[in-house]
Amino acid sequence: MFEFDYTLIDWSRGQFALTAMYHWLFVPLTLGITFLIAIMETIYVRTGNPEWKKITKFWMTLFGINFAIGVATGIILEFEFGTNWSQYSWFVGDIFGAPLAIEGIMAFFMETTFIAVMFFGWNRVSKKFHLTSTWLVAIGSNLSALWILVANAWMQDPVGMKFNPDTARNEMANFWDVFLSPMAINKFLHTITSAYTLSAVFVIGISAWFLLKGRHQMLAKKSMIVASIFGLAGIFGTIGTGDGSARQVAHKQPMKFAAMEGLAKGKNGVNLTALGFVVNPDNPDDTIPGKEVVYRIEIPNMLSYMAYLNPDAFVPGVKDLINGNAEQGIPPVAEKIASGKIAIQALADYKEAQKNQNDSAALAARTLLEKHYRYFGYGYFENNEKHLIPSIPLTFYSFRIMVGLGMLFVLMFAMVLLWTFRGRMERKKFWLRLAVIAIPFAYLASMCGWIVAEVGRQPWVIQDLMPTMTGVTRIDATAVQTTFWMFVVIFTSLLIAEISIMVKQVKVGPKEEGGN
Amino acid sequence: MFANLSHYALQQYWWVIVSVLGALLVFLMFVQGGQTLIYTLARNDSDRRMLINALGRKWELTFTTLVTFGGAFFASFPLFYSTSFGGAYWVWIAILISFVIQAVAYEYRSKPANVYGRKTFETFLFLNGLLGTILIGTAVGTFFNGANFVVEFGHQGIATSYWAHPAHGLEAVLNLHNVALGLAVFFLARILGALFIHKQVESAEVASRIRKSLIRNTIPFLVFFLYFVIHLMFKDGYAYDPETGLVSMESYKYLHNILQMPLNTALLLAGVLLVLYGLFLGIFKGKETAFTFTGLGTVLTVLALFLLAGFNNTCYYPSAHDLQSSLNIRNSSSSHTTLTAMSWVSLLVPFVLAYIWYVWWSMSRKKITKEEMDTDSHVY
């Protein structure tokens, strides 16, 4: 029925993924280290001990290097909704634009105004004003995360809006429903706590390197105490909200949940797979291209409990969601596709009736559209189930890498805290080396989380309402290919400079305080 | 409070807010203008360093204003956002890239092991100053001269827009009137940059070059700005009928707007006079307050130009390709609910401006000196 330019779609997705992942390389550190810096500076102001000022300034320098490139990648991300996803922006701009604007007004200005004080105000403003500014930078950056995650959550669970056939777009019906959606709150808390975890791993890792080299021991140990307490709070927050997140996904995005678990066929009392391998199914008659998981290490009934707080609950698998499961009241996808096609046709009929000033036909079309709007996006699919299932291996493995590394960080923070308190951290070479090696793995875990969230929700750019393929801007694929490679070159070149500068600054170490 | 206002009143309110943000952005592009002067005004490393650090403490403000301008435009007039950014692809990509390279340039410029060397990052600053100002100015020129897009219902069953020119926005530079605005913005940014540096940097050598720089940029600025305004008064504009929404060409549309919106015209005149007064103070008296006057004048002038583009039943984003696709504040805005919710948020704006002003005042009371550059812990 509809023609799609899949080259354009794939490159547009690629470009967005590229930008988002580059941006996310820098954001979590900003979200967490700003709080760590604020805590350290608070200790300095409270105690007046210049050692803490030195510590604060050292981490501030590293933060500054990270922040600049985070800003650079962020601006592209914000405008890409317009440049590359203009149909999306048209269809839902009435709701999606608001959080982005609020992010600017409420968060970005706070962050950028006070960051100038934080970096350059040591000798220009009072101690208290400076400290307040540092806290405001941390609060501002976390507020910006709040609003962009409200926007993201809304794509995963579109609430608080109504489709207006006159403007042919979704319009906001209730701001609070959008802002306070449980999906949004959970996503925000899960994301920021995971960012605190990453920041703690970063600070501990660099401190551990100092201890291994026998340099800046005081700075390293003090930083480790603050960071490991902060990290423990962060990781427990991440685990708690992750649990809530899983429940949200099970309810709102069952296909993503099935993909995360590699659950081909649903049943009651499903075990949670701790580990396993995704393979193609043996049975060639299988019409569902869903993958199967073998060599599972499982925790009995845990998945049912996680999803529904009931160890015997039914969790639908990929096949149930595609073929339907009458017993469980799950409609087959073919039914949703048919319903979606009726909705799309009804919208066209409504427009036509309006043009001809045929009020009764318009009303009939409108009523039909409202009845079927819930599955509007399914109308773009033909009966080809393959397109309705996200990549199972990518989602399945990413989820396990994220969770596994999270568990490791719990242990690491606890051990670091224990040995630092006992004053023996510098002798625990194993844990010191592990802490250094952990830095890239914190980034990996964080990236994997977003892969689960974003790959797992495919093919939807707005759950059930707009498939990714109808969201793209109508431009030549070659234009997007060109900008994709431009961004690859620019971002990678800047990343190389960033890492080089960062490594150099770590090697240089903290500056001795002179005069101020 | 806001919920009781008519949709049109909210649309007007939001056009004013977007215009204020646009006006502040043009003023704050003194940072960009200043970036193109780092070699002209400073001839040694020490001066250049002070100059870059003076600008470097403000660059994020400009950057954030740009991002917020985009965000506010998205929230209040989403159809513009999706039509222009998606359609005029190459112009916006070029603008964005010029800001991407700026964002890292200050922080990485003087850091050891920055891989590409100091000159590269200074070149980034220069390119951002050159392209950012000219292209943003040119893009705003299309608010008066039109762009090549079509808005239609039916593609893939929904409403969308597409661009009807293969250059995807870059064709705007073929229109002299657009480019005149771009160059006017560029030279104005340089004037403001020079005035800011004069106010903020303590160096006799730099100060001695300010006057010459001001004169050299004022002349082309006046030429391009006057050409832009005079041509605007004589050109046809895109008017719409508020009842039917039909768009038609109207001779002397902007001249009519000038005559029919006396308050706005007063604003425009006040803005232009303040800019000129600031220039007079800067060139003939060497006064540091020149920055304040020219800056304030810039805000008022740009604000008035935006209002001229969008009020009085004028299409602020006309389509030269398909007249009826033209966007105006009525047909491109968000819903009443969204504009109401956003209007509550807009009450934060004065508060935000107040703390920005307070921080600016606290941080910039003292000039940047060579001594500070040598001793401060965080220096670009």
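User: Where in chain A does Asp464(A) lie?

Analyst: Asp464(A) sits in the loop between β7 and β8 (466–467) of chain A. Keep in mind that this is a predicted model.

User: What makes the phi of Asp464(A) worth a remark?

Analyst: Its phi is positive, about 70°, although Asp464(A) is not a glycine. Most residues other than glycine have a negative phi. Just after α13(A) there's also a glycine, Gly423(A), with a positive phi of about 75°.

User: Why is the peptide bond from Gln458(A) to Pro459(A) called cis?

Analyst: Look at omega: for the bond from Gln458(A) to Pro459(A) it is near 10°, and the bond is cis. Most peptide bonds are trans. As for its place, Pro459(A) is in the loop between α14 and β7 (460–462) of chain A.

User: What about α14(A): where does it bend, and by how much?

Analyst: The bend is at Ile439(A) and comes to about 40°. A proline, Pro440(A), follows within four residues. Even so, α14 (residues 429–455) of chain A, with 27 residues, reaches 39 Å from its first C-alpha to its last, close to the 39 Å expected.

User: Why is the pair Lys341(A) and Glu382(A) called a salt bridge?

Analyst: Their side chains meet at 3.1 Å, N to O. The limit is 4 Å between a Lys or Arg nitrogen and an Asp or Glu carboxyl oxygen, so this pair qualifies. Lys341(A) is in helix α11 and Glu382(A) in the loop between α12 (359–372) and α13 (392–421), so the pair ties together parts 41 residues apart in sequence. Over all chains, the structure holds 22 salt bridges.

User: How many of the salt bridges are between chain A and chain B?

Analyst: The count there is 2. Arg474(A) and Glu152(B) meet in a salt bridge at 2.9 Å, N to O.

User: What makes up the side of chain A that touches chain B, by class?

Analyst: It has 55 nonpolar, 25 polar and 12 charged residues. Helix α3(A) gives the most, with 27 residues. The contact takes 92 residues from chain A and 82 from chain B. Together the chains bury about 7500 Å², 72% of it on carbon and sulfur atoms. In chain A, Trp90(A), Phe120(A) and Arg124(A) lose the most area to chain B, together 14% of what that side buries.

Key:
Residues numbered from 1 in each chain as written. Chains lettered and ligands numbered in written order. Predicted model: local features only at pLDDT ≥ 70, side-chain atom pairs only at ≥ 80, totals over all residues. Heavy atoms only, no water. Contact = heavy atoms within 4.5 Å. Buried area = accessible area lost by both parts, 1.4 Å probe. Helix = DSSP H or I, 4+ residues; strand = E, 2+ residues; numbered from the N terminus. Nonpolar A, V, L, I, M, F, W, Y, C, P; charged D, E, K, R; others polar. Expected span 1.5 Å × (residues − 1). Bend = angle between axes of the 7 residues up to and from the residue.
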